[in-house]
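Visitor: Please take me through a single part of this structure, close up. I am new to it.

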Amino acid sequence: NMLTTPLKNKQGKTLGVCQALNKIGGHFTDEDISRMVAFTSQICIGMENASLFENIQGLMNYNESMLNSMTNGVITISEDGLINKCNPACLRLMKLESEDEIINKKIKEVLKRKNKWLIEKFNNVEADEYIAGAELEFGGEKLSTNLTIMPLAGKEGESMGTLLMIEDVSSEKRMKSTMSRYMDD
């Protein structure tokens with residue numbers, strides 16, 4: 001006595017089969033078949049969800065790897081001014097030891113007095129803004145930077161916050177200054 005039902009996804013592709021063997025107390029009925037079909041549809045949903053989760057996890061790992069390999073500092077800030085993400089380059093630039101010092105903190109608290117002018121730039125960001133030669137100070141050290149401030153938008157265009165990219169150009173600025181001393185105008 002055997003009941004076999006195909007496992008089919010939304011597109012009708014057969015992913016496998018589900019089988020029940022030797023029902024206790026008799027033969028399989030139409031009600032058993034109906035229950036088996038309902039059960040297998042739930043199995044297919046679970047299999048598709050697992051596959052989607054695996055794809056999303058792979059995409060997240062890829063994005064995380066890209067962010068971690070960047071030499072520019074990147075911070076994402078939520079609509080309510082909380083820092084959601086900070087890559088290792090940004091931690092280094094800001095003279096911080098770990099993400100715990102910055103994640104879920106208000107951007108106003110993190111930038112502090114010396115960099116307070118930058119906080120105003122985060123209000124109502126509607127288009128990318130590039131700021132060349134901006135001076136920032138972290139841990140008592142002044143940095144010459146190029147900044148890019150971008151709005152973060154969702155799939156439907158809804159605002160999700162702001163992204164700040166910090167490019168440290170201090171060494172280039174020092175080199176340019178040194179070279180200008182030795183070169184004619």
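Guide: Start with the backbone nitrogen of glutamine 11, which lies 3.0 Å from a polar atom of the side chain of asparagine 9. The backbone nitrogen of lysine 13 also has a polar atom of the asparagine 9 side chain 2.8 Å away. A polar contact is a pair of N or O atoms within 3.5 Å; within protein, one must be able to donate a hydrogen and the other to accept it, and residues adjacent in sequence count only if both atoms are side-chain atoms.

A word on the source. This is a predicted model, where local features need pLDDT of at least 70, side-chain atom pairs count only at pLDDT 80 or more, and totals for chains, interfaces and linings use all residues. Residues are numbered from 1 along each chain as its sequence is written, and side-chain values use heavy atoms, with hydrogens and water left out.

Where does asparagine 9 lie? Asparagine 9 sits in the loop between β1 (2–8) and β2 (14–21). Strands (E, at least two residues) are DSSP runs, numbered from the N terminus.

Is asparagine 9 buried or exposed? Its relative accessible area is 15%. That makes asparagine 9 buried, a term for under 20% relative accessible area, against over 50% for exposed and in between for partly exposed (1.4 Å probe, protein chains only).

Now its surroundings. Set aside the neighbours within four places in sequence, and asparagine 9 is in contact (heavy atoms within 4.5 Å) with Leu15, Cys44 and Glu48.

Elsewhere, there is a sheet. Five strands form this open sheet, in the order β4-β3-β7-β6-β5, with antiparallel pairing. Two strands pair if DSSP finds at least two bridges between them. β4 (83–86) and β5 (129–138) stand at the edges with a single partner strand each, so one side of each has no neighbour in the sheet.

Definitions and conventions. Helices (H or I, at least four residues) and strands (E, at least two) are DSSP runs, numbered from the N terminus.
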